[in-house]
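Here are some friendly notes to read alongside the model. Please keep the structure open as you go through the points.

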Amino acid sequence: MDNDKINQTPETEQDSGEYDVDLITLTDEDGVEHTFELADTLEHNGNNYVALIAAIEDGANEYLEDDGDLVVMKIVSEENGEEVLELIEDDEEFDEISDIFMDRLSDMYEFEDGDDESEDKK
């Protein structure tokens, strides 16, 4: 998902009746839909951000094969008032926000320590 703006459709679905999972479906520039679990939200320096993890829909085997990349995006309001998710283009801003999310989510998710931004900025 290399485009600047991605359409979003927030949904809340029941996961096996155990707990509610907030799912967001993003449509990329090719019209392909990708579903993510909303892992966390953050307000920082007057901006809002989301941390997303690819939703696993086909069972435990897919979960074990998934690399579990954290996708960090900025919530931006367009002129018409609609909120959209954008990739964070500024490297310093991206690093700062990613670090905050990784610290906050480290109890629930295991992250590999690495400097390869391209894995985090899908």
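1. Six bridges join strand 4 to strand 5 (residues 70-77), and the two run antiparallel. Strands here are DSSP runs of E with at least two residues, helices are runs of H or I with at least four, and both are numbered from the N terminus. Two strands pair if DSSP finds at least two bridges between them. To find your way into this pairing, look for Leu-52, which stands opposite Val-71 in strand 5.

2. A word on the source: this is a predicted model, in which local features need pLDDT of at least 70 and side-chain atom pairs count only at pLDDT 80 or more, while totals for chains, interfaces and linings use all residues. Residues are numbered from 1 along each chain as its sequence is written, and side-chain values use heavy atoms, with hydrogens and water left out.

3. Strand 4 (residues 47-54) also pairs with strand 3 (residues 33-44), in the antiparallel sense and over eight bridges. Within this pairing, Leu-42 has Tyr-49 of strand 4 as its bridge partner. The two strands form a hairpin with two residues between them, and Asn-45 in the turn has a positive phi of about 50°.

4. Stepping back, the protein has three helices and six strands. Read from the N terminus, the order of elements is β-β-β-β-α-β-β-α-α.

5. How many salt bridges does a search of the whole structure find? The search finds two, a salt bridge being a side-chain nitrogen of Lys or Arg within 4 Å of a carboxyl oxygen of Asp or Glu. In one of them, Asp-40 pairs with Arg-104, with the closest N and O atoms 2.8 Å apart. Asp-40 lies in strand 3 and Arg-104 in helix 2 (residues 91-105), so this pair ties together parts that are 64 residues apart in sequence.

6. Asp-40 counts as buried, at 15% relative accessibility, whereas Arg-104 is partly exposed at 43%. Buried means under 20% relative accessible area, exposed over 50%, and partly exposed in between, using a 1.4 Å probe and protein chains only.

7. Glu-93 forms a salt bridge with Lys-74, where the closest N and O atoms are 3.0 Å apart. Because Glu-93 lies in helix 2 and Lys-74 in strand 5, the pair ties together parts that are 19 residues apart in sequence. Both Glu-93 and Lys-74 are buried.

8. Finally, for the protein as a whole, 30% of the 122 residues count as buried.
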